[in-house]
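This note sets out points for a colleague to check against the model. Please read the numbered paragraphs with the coordinates open.

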Amino acid sequence: VLLERLFAPLPITASSTDADNLHIGCWDDQFNGTASSHMLVTPDRIVVSYDAYPPYEHDIVSDYTSFFSPENSQVDAQGVSFIASNDPDGDSAGLFSDFDMMIDSSDEMVDIIYYCQIDYNDPSAVEAAKEDEDINYADLGSGCNGYAWSKMRRADNDEECKDLIVAEEDGDDHFSDGHGHENDEKSVKSVKSVAFAMSGSFATGAIMAMIGIIAM
């Protein structure tokens with residue numbers, strides 16, 4: 001049973017024609033030859049990693065996912081907002097974040113993503129999902145609480161994100177949205193230094209090796 005779980009495909013694919021899922025995949029900031037940060041977005045979680053720091057994993061609370069119209073000619077007509085529980089090992093453990101993402105898919109060679117973590121320490125998913133006054137979808141230079149939106153490009157090779165997230169499923173544990181609702185999906189915990197094979201235009205993964213399993 002364990003082997004079946006380890007080698008099951010990871011659900012992180014997206015169709016290039018599916019506007020709802022263009023954000024899914026591996027992203028980096030390698031605009032000048034060297035990437036200093038990476039982000040992996042799957043249907044279940046967002047993992048962000050900066051040089052010299054461990055990855056920060058956020059579990060998406062799917063009940064609060066919403067779409068919006070940026071009304072910005074520099075990006076696609078549809079953006080997406082994710083509410084997520086923060087990394088249980090991070091400084092804001094037990095709190096919730098709001099990630100807003102917009103895609104520019106106008107270049108046939110590479111997609112660009114702009115994202116803003118407008119909230120990072122809300123006490124509940126309900127609170128994090130409330131409308132924010134400090135975000136401006138039309139202003140990429142200072143529309144994220146007065147700062148520029150984070151800009152990344154789709155990675156040339158999805159294996160750039162191989163160390164960010166390979167999850168051990170735990171069927172007994174669930175995480176709460178902080179407002180009395182339990183998430184029905186299985187909770188997970190990252191395991192570093194585990195490779196998975198990638199194929200397809202974005203990221204289709206199957207676990208190839210696991211050197212450590214962390215019990216929840």
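1. Secondary structure first. Helices (H or I, at least four residues) and strands (E, at least two) are DSSP runs, numbered from the N terminus. In these terms, Arg153 lies in strand β10. The model is a predicted one, in which local features need pLDDT of at least 70 and side-chain atom pairs count only at pLDDT 80 or more, whereas totals for chains, interfaces and linings use all residues. Residues are numbered from 1 along each chain as its sequence is written, and side-chain values use heavy atoms, with hydrogens and water left out.

2. Confidence. pLDDT is the predictor's confidence in each residue, from 0 to 100. The protein chain has an average pLDDT of 74, and 68% of the residues score at least 70. Residues 1-17 fall below 50, and this stretch has 35 contacts beyond near neighbours in sequence, a contact meaning heavy atoms within 4.5 Å. The pLDDT is also below 50 over residues 167-216, a stretch with 136 contacts in the model beyond near neighbours in sequence. Where pLDDT is low, the predicted coordinates should not be read in detail.

3. Strand pairing. Two strands pair if DSSP finds at least two bridges between them. Strand β2 (residues 25-28) runs antiparallel to β3, and four bridges join them; here Trp27 stands opposite Met39. β2 also pairs with β10 in the antiparallel sense, over two bridges, and Asp28 stands opposite Arg153 there.

4. Nonpolar cores. A nonpolar core is a set of buried Ala, Val, Leu, Ile, Met, Phe, Trp, Tyr and Cys residues joined through side-chain atoms within 4.5 Å; buried means under 20% relative accessible area, exposed over 50%, and partly exposed in between (1.4 Å probe, protein chains only). The largest core has 15 residues, and those with the most contacts inside it include Trp27, Met39 and Phe82. At least two residues each come from β3 (37-41), β4 (45-50), β7 (79-85), β8 (96-104) and β9 (112-122). β8 gives the most, with three residues. A second, separate core of 11 residues includes Met102, Ile118, Ile135 and Leu140.

5. Arg153 and its partners. Which residue forms a salt bridge with Arg153 at 3.1 Å, N to O? The partner is Asp28, where a salt bridge is a side-chain nitrogen of Lys or Arg within 4 Å of a carboxyl oxygen of Asp or Glu. The pair links strands β10 and β2, 125 residues apart. Both Arg153 and Asp28 are buried, Arg153 at 10% relative accessibility. The side chain of Arg153 also makes a polar contact with that of Asp156 at 2.4 Å; a polar contact is a pair of N or O atoms within 3.5 Å, where within protein one must be able to donate a hydrogen and the other to accept it, and residues adjacent in sequence count only if both atoms are side-chain atoms.

6. Other salt bridges. The structure holds six salt bridges. In one of them, Glu57 meets Arg45, with the closest N and O atoms 3.6 Å apart. Glu57 lies in strand β5 (residues 56-60) and Arg45 in β4, so the pair ties together parts 12 residues apart in sequence. Another joins Asp111 and Arg154, the closest N and O atoms being 3.1 Å apart. That pair connects the loop between β8 and β9 to strand β10, 43 residues apart, and both residues are buried. Salt bridges that share partners join Asp28, Arg153 and Asp156 into one network.
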